[in-house]
Amino acid sequence: GGSGGGGDAITAWWVAHVLQLWSAVTTGSNVITSTVVDVLQRRRWVNPAVVVGIAMVVGAVLCATLGGLVVVRTTVHHIRLLYYISEVLLATTFGAYLVLFPTLVAQIYPPAAFGRIFGALQVASASASVLSPIIATQTRNAFGTFAPFEIALAVLLAVGGIALLVAPQCTFHLVR
């Protein structure tokens, strides 16, 4: 709790450690995903929209998993390891999404609208980055766990990912 005891220091260390891990994995995923998808797209083997859709659906499954792990508690060693693995995989899917997002916008919208649309989406993304920690904290304060936040995030990711996989403008072809 907020008593200023040792638990707060452990929680702060844990959060900092997970954020460092998240940043490192996302960076690696950016490099690997961009390189692999460029090669596959040149060979006309994959549409970036499909990769983003799959990354979002996998991210949804991982968020749901994280929500469940938070309920179980991450103090048990094997549960904590599973939590780390889930975070690494989620950061990997986020890195894939992040690096392919501009390509996806360029596929869907005409060049004349790219700047306006991409700018609006970046504002939405930045707003989510500001609001998510606040909402997550309020969720934890209200329910004693982050699980409802993780589950809500899983639902949003699943809906977005499935929409990308079935939307005609994105999936009229798996291979160009």
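Residues are numbered from 1 along each chain as its sequence is written, and side-chain values use heavy atoms, with hydrogens and water left out. Because the model is predicted, local features need pLDDT of at least 70 and side-chain atom pairs count only at pLDDT 80 or more, while totals for chains, interfaces and linings use all residues.

The protein chain has six helices and zero strands, where helices (H or I, at least four residues) and strands (E, at least two) are DSSP runs numbered from the N terminus. Whole-chain values are collected below.

| Property of the protein chain | Value |
|---|---|
| Buried residues (under 20% relative accessible area, 1.4 Å probe, protein chains only) | 31% of 176 residues |
| Contacts (heavy atoms within 4.5 Å) between residues at least 6 apart in sequence that join residues at least 24 apart | 72% |

A nonpolar core is a set of buried Ala, Val, Leu, Ile, Met, Phe, Trp, Tyr and Cys residues joined through side-chain atoms within 4.5 Å. The largest such core has nine residues, namely Val18, Ala60, Leu62, Cys63, Leu66, Tyr83, Tyr84, Leu90 and Ala154. Two or more of its residues come from each of helix 2 (48-72) and helix 3 (77-108), and helix 2 gives the most, with four residues. Leaving aside neighbours within four places in sequence, Cys63 is in contact with Leu90, Glu150, Leu153, Ala154 and Leu157. A second, separate core has seven residues, including Val37, Ala49, Leu100 and Leu164.

Notes: Buried means under 20% relative accessible area, exposed over 50%, partly exposed in between (1.4 Å probe, protein chains only).
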